[in-house]
Amino acid sequence: MADNRKEQERAELHRTIWNIANDLRGSVDGWDFKQYVLGMLFYRFISENLTHYINKDEIEAGNVDFDYANLPDEEAELAREDMVNTKGFFILPSELFENVRKKADKDENLNETLEKIFKNIEASAQGTRSEKNFKGLFDDIDVNSNKLGGTVAQRNARLVKLMNGIADMKLGNYQDNTIDAFGEAYEYLMGMYASNAGKSGGEYFTPQEVSELLTLLALGDKKKVNKVYDPACGSGSLLLKATKIIGKNNVTRGFYGQEINITTYNLCRINMFLHDINYDKFDIGHGDTLSSGTVKYFV
């Protein structure tokens, strides 16, 4: 029964993503537009991740009607330092995905609103242990790009469509799904865009069958490992395969890798978060492993 439910959830998610992506692409090349789809998916994920984390603590403390999304920004500010230390980032209630989306179609400056929010999220990690893992994560989501339209109105109309499409993805409460819904969405989008663009998926997205075979060969009969490391990690597919085979809690010291392509490097870090790997459990470097190796990962 569980397997049937899992396959039904996966099939429904894939159908939804395909329809959204097909609708959103328009005049924008699919391979380029994946940046926006995946970036907005990431924005939704960290918004819901933070909200769920705060709500859970408040409800367990007896405040059953509490909802962080409804909290005034001034009150929420009191939790900033604790959330940055715990989650690695902070988002004000007014800047959460769900609240921005509610007003998006009436916001004539939606592009500026989103640009400011993305900068605020990255800035919340500055000077902290999580800075490296959040810096530049939204760089590829250029909300002022001509790819979205020739005028501000056209860009905002497409951004509204994008937010509505991501919001309509039936990802549910990621704690309750039998599938890793956000991770599944990421992997399906990457595979779909690589295929549709007629490009080699190998540079951006290792096929799941290859990842699984390599991971099984590397793990052998181990049920727990110290670290998982990939010197040319791409978007992180191979790194994260270990979580599906032995479970992320059985990778005791986390996930490590390096990637030369800046866009793929950003996607890899986003992929870690979408698979609910916290900032203190991964370290992805940007650089050429052949000319500047990653010896520190073997220590």
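A crossing of two helices is left-handed if the near helix is turned anticlockwise from the far one by less than a right angle, and right-handed if clockwise. By that convention, α12 and α13 make a right-handed crossing. Helices (H or I, at least four residues) and strands (E, at least two) are DSSP runs, numbered from the N terminus.

Before going on, a word on the model. It is a predicted one, where local features need pLDDT of at least 70 and side-chain atom pairs count only at pLDDT 80 or more, while totals for chains, interfaces and linings use all residues. Residues are numbered from 1 along each chain as its sequence is written, and side-chain values use heavy atoms, with hydrogens and water left out.

## Helix packing

Let us stay with the helices. Axes are lines fitted to C-alpha atoms, for helices over the stretch in contact, and angles run from 0 to 180 degrees between N-to-C directions. Helix α12 covers residues 237-245 and helix α13 residues 262-274; their axes come within 10 Å and cross at roughly 15°. That makes α12 roughly parallel to α13, since angles under 35 degrees count as roughly parallel, over 145 as roughly antiparallel, 65 to 115 as roughly perpendicular and the rest as oblique.

How do the axes of α11 and α12 cross? They come within 9 Å, at an angle of roughly 65°. This makes α11 roughly perpendicular to α12, and the crossing of α11 and α12 is right-handed.

## A nonpolar patch

Helix α11 (residues 208-219) also contains Leu 213. Together with Val 210, Leu 214 and Leu 217, Leu 213 makes a nonpolar surface patch of about 390 Å². Patches are made of residues with over 30% relative accessible area and no salt bridge, like charges being joined within 9 Å and nonpolar side chains (Val, Leu, Ile, Met, Phe, Trp, Tyr) within 5 Å. The areas come from the Shrake-Rupley method with a 1.4 Å probe, and for residues only the protein chains shown count as cover.

Is Leu 213 buried or exposed? Leu 213 counts as exposed because its relative accessibility is 52%; buried means under 20% relative accessible area, exposed over 50%, and partly exposed in between (1.4 Å probe, protein chains only).

## Salt bridges

Side chains of opposite charge can pair when their charged atoms come close. Counting a side-chain nitrogen of Lys or Arg within 4 Å of a carboxyl oxygen of Asp or Glu as a salt bridge, the structure holds eight. The table includes three of them.

| Salt bridge | Closest N and O atoms |
|---|---|
| Lys 102 and Glu 98 | 3.9 Å |
| Asp 105 and Lys 106 | 3.6 Å |
| Asp 283 and Lys 132 | 2.7 Å |

Asp 283 lies in strand β3 (residues 282-286) and Lys 132 in helix α7 (residues 131-134), so this pair ties together parts that are 151 residues apart in sequence. Asp 283 is buried at 17% relative accessible area, whereas Lys 132 is partly exposed at 38%.

Lys 102 and Glu 98 share helix α5 (residues 97-103), four residues apart, which is about one turn of the helix. Lys 102 is exposed at 54%, and Glu 98 is partly exposed at 34%. In the remaining pair of the table, Asp 105 is exposed at 54% and Lys 106 is exposed at 65%.

## Glu 112

Lastly, helix α6 (residues 110-123) holds Glu 112, a partly exposed residue with a relative accessible area of 49%. Its C-alpha atom is separated by 9.5 Å from that of Asn 156, 44 residues apart along the chain.
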